[in-house]
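Please look over the model shown here before reading on. The paragraphs after it are meant to be followed with the structure in view.

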Amino acid sequence: MDEKEKYVIGVDFGSDSVRAVLINSADGSCIASDVFYYPQWSKGLYCDEHKNQFRQHPKDHLEGLEATIKNVIQNSQIDSTLIKGICVDTTGSSPMPVDEFGQSLAFSEVFQHNPNAMMVLWKDHTSINEAQEINELARGWGGDDYTQYVGGIYSSEWFWAKILNIIRKDEAVKEKAFSWMEHCDYITGQLIGITSPNELKRSRCAAGHKAMWHESWGGLPSSSFLAQLDPYLSDLRGRLYEDTYTSDEVAGTLSEDWAARLGLTTDVVVAVGTFDAHAGAIGGEVEENTLVKVMGTSTCDIMISSKEQLGNTLVKGICGQVDGSVIPGFHGLEAGQSGFGDVLAWFKNLLLRPVSSLIDQSQILDIAEKEKLKTELSKKLLKQLSEDAIKIPPQDSKIVALDWINGRRTPDANQLLKGALQGLEMGSDAARVFKSLVESICFGSKKIVERFRSEGVRIDAVIGMGGVAKQSDFVMQTLADILEMPIKIAQSDQAPALGAAMYAAVAAEIYPDTQTAIKSMTNGFDKIYHPKEENALVYRSLYKAYEELGAFVENQTINKFTTVNESI
Ligand SMILES: Nc1ncnc2c1ncn2[C@@H]1O[C@H](COP(=O)(O)OP(=O)(O)O)[C@@H](O)[C@H]1O
Ligand SMILES: O=C(CO)[C@@H](O)[C@@H](O)COP(=O)(O)O
């Protein structure tokens with residue numbers, strides 16, 4: 001056996017599916033990969049789109065964890081004793097209530113169908129009021145402004161707002177929720193069998209970006225601050241964590257139970273968990289002054305900055321700057337859009353749902369044919385719309401769209417904001433509306449680039465990855481034209497999972513640090529989209545129209561919100 005032959009596994013929990021990759025640590029080559037779509041989630045269980053409620057049952061995740069890891073081991077046909085490390089990344093902030101043993105409440109009989117006992121997915125926006133309350137208190141309570149390292153605005157997508165919302169509306173969950181865990185910590189705890197809320201090593205990335213953890217004020221916000229929101233939160237503080245850990249560190253080794261289930265040994269090292277986007281930045285060779293855009297359901301826009309370069313800058317309106325959230329020793333900066341691929345998925349569903357109902361009612365197709373047709377339409381619709389839209393030159397774009405269909409994450413989080421379409425006329429066919437939506441998500445990206453720059457963060461290069469980057473030439477070319485910068489696309493189809501595998505290789509002591517792991521295991525880039533000057537010029541003026549529509553909608557929303565509040 002080659003002395004150097006060692007393998008690592010990266011597991012990436014996305015919004016709809018979990019992906020695992022088995023990677024040769026010597027050169028980063030992907031030996032096997034597997035995808036598992038969450039069964040309960042795909043049926044829409046425990047969600048209510050109209051209330052922006054998105055919950056996931058951890059049964060989906062644990063089934064997926066087992067299936068994907070087993071499959072990559074089996075498909076790789078390698079000797080499983082050569083597997084040395086695993087690291088898990090997940091979406092976030094996606095917290096869930098757990099009992100004193102760190103087990104999800106959703107596995108108990110009483111709570112098995114209660115969405116409040118499940119994982120609250122990042123895109124659940126039911127806690128807008130609680131986020132607002134946290135913001136007002138943080139600014140006015142007389143102590144540290146705990147939002148200063150998370151862009152100055154606490155979001156309803158995040159940890160404390162979600163917990164506050166649920167414990168206020170569900171007394172039974174509140175009573176049994178001994179502690180709360182981010183998804184990445186929960187899964188890691190399951191794998192190593194250290195689930196006790198006080199013992200499990202919690203992710204620095206999750207704590208710093210979403211729970212206002214910062215060394216300067218001794219970790220999580222103080223009990224007296226939390227008590228003003230709710231006494232439950234100040235008690236909870238003592239049942240959460242003080243220290244946090246970066247993902248190059250060991251969380252533990254595989255438990256006997258999971259080793260047996262997966263066919264691995266208990267020597268396999270499990271690294272501390274992290275978020276998908278931050279692992280993606282690792283998988284995409286992040287470096288200073290480079291913006292890594294993970295473009296899937298949403299976008300996460302990740303940068304790193306040395307302490308010297310960032311100095312005392314507090315970047316306004318982003319999702320935080322956290323020491324070690326990407327590469328230990330550097331500050332990780334996160335921004336992003338709450339809807340990216342999701343904006344296009346919304347339009348796809350708008351067209352597909354009535355058509356699917358008609359197919360179901362059809363007398364001329366049997367059940368199997370109906371299912372086949374629906375699957376085919378669903379698979380091909382975005383590609384078809386893109387082919388049609390690409391034929392429309394930018395100067396013919398007459399519709400202006402706003403991408404805030406799932407609220408605005410950055411710059412300046414505001415989940416009350418909604419999407420909009422302006423300039424519809426009789427000739428506004430599906431391709432034209434689709435094109436305007438694509439332009440809107442790219443303009444949203446430009447807003448983020450401009451914010452980083454105006455706050456003094458230099459961006460010299462852009463790297464793209466994720467489902468949209470890999471599947472849509474149309475979106476990527478439009479983005480390059482609008483950003484007026486080339487965009488390099490990471491070669492790996494599973495860059496976040498690859499990044500997680502790199503962390504695993506460091507935790508398993510195959511490499512001394514994250515940067516060395518990146519150099520040795522990178523998969524490089526497979527495409528570059530260069531901006532087309534003639535399009536860039538047109539988009540400069542369309543961007544102004546996008547900004548004007550944005551300002552109008554934002555003003556309307558503020559007025560509406562103020563009027564509603566005053567009338568209560
Ligand atoms: N051809 C396409 N054009 C544009 N967007 C696409 C296309 N195919 C898939 N998408 C979008 O990609 C997103 C899924 O991205 P992916 O990175 O796979 O998942 P996740 O966000 O769960 O990590 C969906 O929102 C989907 O609408
Ligand atoms: O917000 C974060 C990380 O901070 C993401 O987990 C969230 O946007 C979800 O990512 P996906 O769009 O599902 O890839």
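Predicted model: local features only at pLDDT ≥ 70, side-chain atom pairs only at ≥ 80, totals over all residues.

Residues are numbered from 1 along each chain as its sequence is written, and chains are lettered from A and ligands numbered from 1 in the order in which they are written.

The chain is divided into domain 1 (7-284 + 492-526) and domain 2 (386-491 + 532-567), with bounds that come from an automatic or database domain assignment. Their centres, taken over C-alpha atoms, are separated by 29 Å. To the contact between them domain 1 gives 18 residues and domain 2 gives 16 residues, two residues being in contact if their C-beta atoms, placed from the backbone, lie within 7 Å. On the side of domain 1 that touches domain 2, helix 11 and strand 20 (525-529) each supply at least two residues; helices (H or I, at least four residues) and strands (E, at least two) are DSSP runs, numbered from the N terminus. That side divides into four nonpolar, 10 polar and four charged residues, where Ala, Val, Leu, Ile, Met, Phe, Trp, Tyr, Cys and Pro count as nonpolar, Asp, Glu, Lys and Arg as charged, and the others, Gly among them, as polar.

Strand 20 also pairs with strand 19 in the antiparallel sense over four bridges, pairing being assigned if DSSP finds at least two bridges between two strands. In this pair Ile-489 stands opposite Lys-527. Strand 19 is joined as well to strand 18 (residues 461-465), by three bridges and in parallel, and here Val-462 stands opposite Ile-487. From strand 19 (residues 487-490), Ile-487 and Ile-489 point one way and Lys-488 and Ala-490 the other way, and all are buried, that is, with 20 or more other C-beta atoms, placed from the backbone, within 10 Å of their own.

Around ligand 1 there are 18 residues, of which Gly-14, Gly-296, Thr-297, Gly-341 and Gly-467 come nearest; a residue is near if its C-beta atom, placed from the backbone, lies within 6 Å. The shell draws at least three residues from each of domain 1 and domain 2, and its largest share, four residues, comes from helix 13.

Ligand 2 is surrounded by 15 residues, the closest being Ser-15, Thr-91, Gly-296, Thr-297 and Ser-298. Helix 11 (276-283) and strand 15 (330-337) each supply at least two residues of this shell.

Note on methods
Buried ≥ 20, exposed ≤ 12 C-beta atoms within 10 Å, placed from the backbone.
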